[in-house]
Every structure is written in structure tokens, then in C-alpha cells.
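Open the model in your viewer and keep the sequence panel beside it. The stops below go from one selection to the next.

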Amino acid sequence: MPIEVSIWKVNDEVKKVVYSPIESEKKLEDILVKDLSILSDDLLLIGRQIKTDYGKLIDMLAIDQEGNLSIIELKRNRTPREVVAQALDYASWVQNLSYDRILDIFEDKQSVPLEEAFANKFDTDLPDKLNESHKLIIVSAQLDTETERIINYLSNNFDLPINAVFFRYFKEDNQEFITRSWLLDPNVVEEKTSNTKSDDKKEKWNKQDFVVNFEDGKYRNWDDATKYGFISAGNGKWYSRTLNQLFVGARVFCMIPKRGYVGIGRVIEEAKPIGNLLINIGGNQGKLIELPFQSKEMLHDLDDNELCEHVVLIEWIKHVPKEKAFWTKGLKANQNSAYKLRSQYTIEKVLDHFGIGES
């Protein structure tokens with residue numbers, strides 16, 4: 001059971017601050033929309049009054065750092081049965097929201113793309129998969145035993161991730177105060193998951209685009225890569241194995257970690273150990289290892305196919321010096337040497353920056 005909260009002013013005299021349940025109900029939604037951290041610091045508001053496919057309006061919908069959704073319903077003057085039933089009804093709709101649908105809902109309600117807002121809020125990229133689970137939060141200005149019984153029953157017997165939070169609004173002269181009490185420990189509710197059955201939670205891949213991380217430094221040099229037309233990774237199978245995903249014709253968005261995107265190109269030959277690779281320079285074919293490299297360690301471990309550099313030949317469409325690398329919040333980043341680029345936001349931003357039209 002949540003703790004009953006009251007406030008006393010203790011200056012020259014002890015005076016209880018007046019609580020108004022009616023005023024609380026009027027102010028709650030506006031206060032939460034203005035700053036949802038009052039409810040939870042781990043939530044980003046997707047929007048308020050979200051219209052479902054059957055015409056009903058969800059009071060508020062939010063997303064957490066893991067990409068999971070929270071349905072936030074204000075009790076207002078509804079009975080406990082009504083508000084809980086309504087929240088469950090909304091959950092049946094929310095569980096099937098796809099990655100693209102969530103992006104569309106956010107952009108319809110907000111002024112920036114979800115990728116950008118998510119990065120600003122959580123200082124990390126939007127996950128590749130969204131809405132793997134969801135929670136229900138009932139918001140009320142008054143405690144009542146019926147709501148408590150219903151929520152405890154659903155949580156304890158069916159592991160439903162549902163909780164109630166009670167806000168009380170107080171006013172003294174020109175000063176306003178709000179207090180918060182949870183019915184259940186939010187950390188306990190967090191452990192309860194509501195698994196979804198839809199397969200389209202992950203942003204769709206266009207079957208051609210990849211990100212390649214090019215570690216410019218001791219073992220490889222970005223100027224060499226643009227001069228001779230390649231990308232590479234080495235010093236172990238863990239680093240080079242993901243290059244094997246890259247097929248002839250695939251488009252790569254090359255980035256230097258901690259700097260940003262520096263080039264876009266097409267794969268013209270799949271990954272091979274550097275010692276086996278032939279390359280055309282000025283119409284003549286020769287071994288890549290016979291060319292002069294700015295990075296003297298490029299030819300490390302030539303006799304070890306697992307440790308040596310593995311190279312993918314690239315026809316560069318556009319590239320820039322590493323000093324002009326492009327980065328902005330919300331762009332996709334990952335520690336793997338190569339991975340599928342699913343983020344349409346990243347594709348559009350990088351293409352636009354480099355002045356390349358989508359084809």
C-alpha cells in the first residue's frame with residue numbers, strides 16, 4: 001500500500017498545506033507532459049492522446065531506454081474497473097505496434113525524429129528492436145482500495161507489468177507542490193515482462209546497406225583506404241569475421257569510431273586475407289601488399305590468416321578526410337567491424353550530408 005502524504009508548512013507556525021483532489025486531476029496530465037521525469041526519469045514521452053486503430057485515445061504513451069513502451073492512463077473520474085479495463089484494452093493494441101509505426105506516431109506528435117529525441121534524452125542510440133515488452137501505469141490523484149486490489153491481483157497472480165502512481169497537488173499562497181507515491185515497487189514491476197508476438201518490432205533492413213567501422217590508427221590508415229579503394233579489419237577473427245557479410249554490390253557507410261562517417265561506397269570484391277588480394281592501379285594488376293602504405297603495420301601477421309588484415313575492395317562514391325567526419329546525435333553506431341544498417345534515419349542523414357541522392 002502506498003504511503004499517505006501530507007505537507008505542513010513550518011516557518012513561524014505549523015500549518016497544514018491544503019490538498020485539493022479536484023485540482024490535482026485537472027493539473028496532472030499537463031504537469032506530466034511538461035516534465036515526464038516527475039513520473040520516471042527513464043521515460044521519453046512519445047505523445048499524448050494517441051489514437052488507436054479502433055478510435056479510442058491513450059492518455060500518454062512513452063518509451064524507455066530499452067525501447068519498451070509504457071501506457072500511461074489517468075484515472076480522472078472513472079471507476080477503478082473502468083480505468084484498468086481501458087488500460088488493458090490499450091495494451092492489446094500497443095503490443096502489436098511495429099518499429100515503423102512507433103516512429104510514425106512519434107513524428108506525428110513531436111517536432112523531431114525519434115532517433116534524435118532518444119539520443120538527446122538517453123545519450124545513446126535508439127535500439128534496433130522496439131516494443132519487446134510494455135508496462136501499464138495508472139495515474140491517480142487519490143488512493144482507493146479497489147484500484148489497489150485489482151492491480152495487486154493482476155501483478156501477483158498473472159505477472160502483469162502494471163502499477164499505479166498517486167500524485168497529490170498542494171497549494172499555499174502562490175506556491176504549488178506535487179508529491180508522488182507508487183503502489184508497487186517500480187523495480188519489481190520492471191522485472192515482469194509482457195512478451196509480444198509480432199515479428200516486426202525491428203526496423204526493416206533494405207538488403208543492401210551496411211556500416212563499416214574503420215579503425216584509423218596503427219594498423220590501417222584512412223588515406224590508404226581511399227587511395228587504393230578498400231576497407232579492412234584484423235588482429236583476430238572477432239574483428240574480421242563480420243566483413244564476410246559484405247557481398248559484391250552492397251553499399252557501405254564507412255565511419256571512423258569516435259569521429260563519424262567518412263565515406264560511402266560499393267563492394268566490388270568480398271573479404272579476403274590481404275596477402276591473397278590483387279588490385280588494379282592505373283590499369284595494371286598487382287598484389288595489394290606490394291603497394292606503399294602510410295600505415296607501416298598494415299602488413300602485420302601476413303603468415304597468419306586469422307590475425308592478418310582482411311580486406312574488402314570498395315568503389316568509393318564519396319569520401320572525405322577524417323578531419324571532416326560527419327556525426328550528429330541519433331546516428332547509428334556499433335562496435336562490430338561491419339553490421340547491417342537498418343536505421344533509415346542514419347541513411348538519410350549521411351546521404352544528405354554527402355550530397356548523394358537515394359537510389
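Is Asp41 buried or exposed? Asp41 counts as exposed, at 57% relative accessibility; buried means under 20% relative accessible area, exposed over 50%, and partly exposed in between, with a 1.4 Å probe and protein chains only.

Before the next selection, note that this is a predicted model in which local features need pLDDT of at least 70, side-chain atom pairs count only at pLDDT 80 or more, and totals for chains, interfaces and linings use all residues. Residues are numbered from 1 along each chain as its sequence is written, and side-chain values use heavy atoms, with hydrogens and water left out.

**Stop 1: Asp41 and Lys121**

A salt bridge here is a side-chain nitrogen of Lys or Arg within 4 Å of a carboxyl oxygen of Asp or Glu. Asp41 lies in the loop between α1 and β4 and Lys121 in helix α4 (residues 114-122), so the pair ties together parts 80 residues apart in sequence. Helices (H or I, at least four residues) and strands (E, at least two) are DSSP runs, numbered from the N terminus. Lys121 is partly exposed, at 31% relative accessible area.

**Stop 2: Glu29 and Arg48**

Select Glu29 and Arg48, whose side chains meet in a salt bridge at 3.3 Å, N to O. Glu29 sits in helix α1 (residues 21-34) and Arg48 in strand β4 (residues 44-51), 19 residues apart. Glu29 is buried at 9% relative accessible area, while Arg48 is partly exposed at 29%.

**Stop 3: Glu309 and Arg220**

Next, select Glu309 and Arg220. Their side chains meet in a salt bridge at 2.6 Å, N to O. Glu309 is in the loop between β15 (284-287) and β16 (310-319), and Arg220 is in the loop between β10 and α7 (222-228), 89 residues away. Glu309 is buried at 0% relative accessibility, and Arg220 is buried at 7%. The count of salt bridges comes to 13.

**Stop 4: strand β10**

Finally, select residues 209-213, strand β10. Of its 5 residues, 5 are buried, so the strand is largely enclosed by the rest of the structure. Asp209, Val211 and Asn213 lie on one side, Phe210 and Val212 on the other.

With β17 (residues 338-340), β10 pairs in the antiparallel sense over 3 bridges; Val211 stands opposite Tyr339.

Terms used. Two strands pair if DSSP finds at least two bridges between them.
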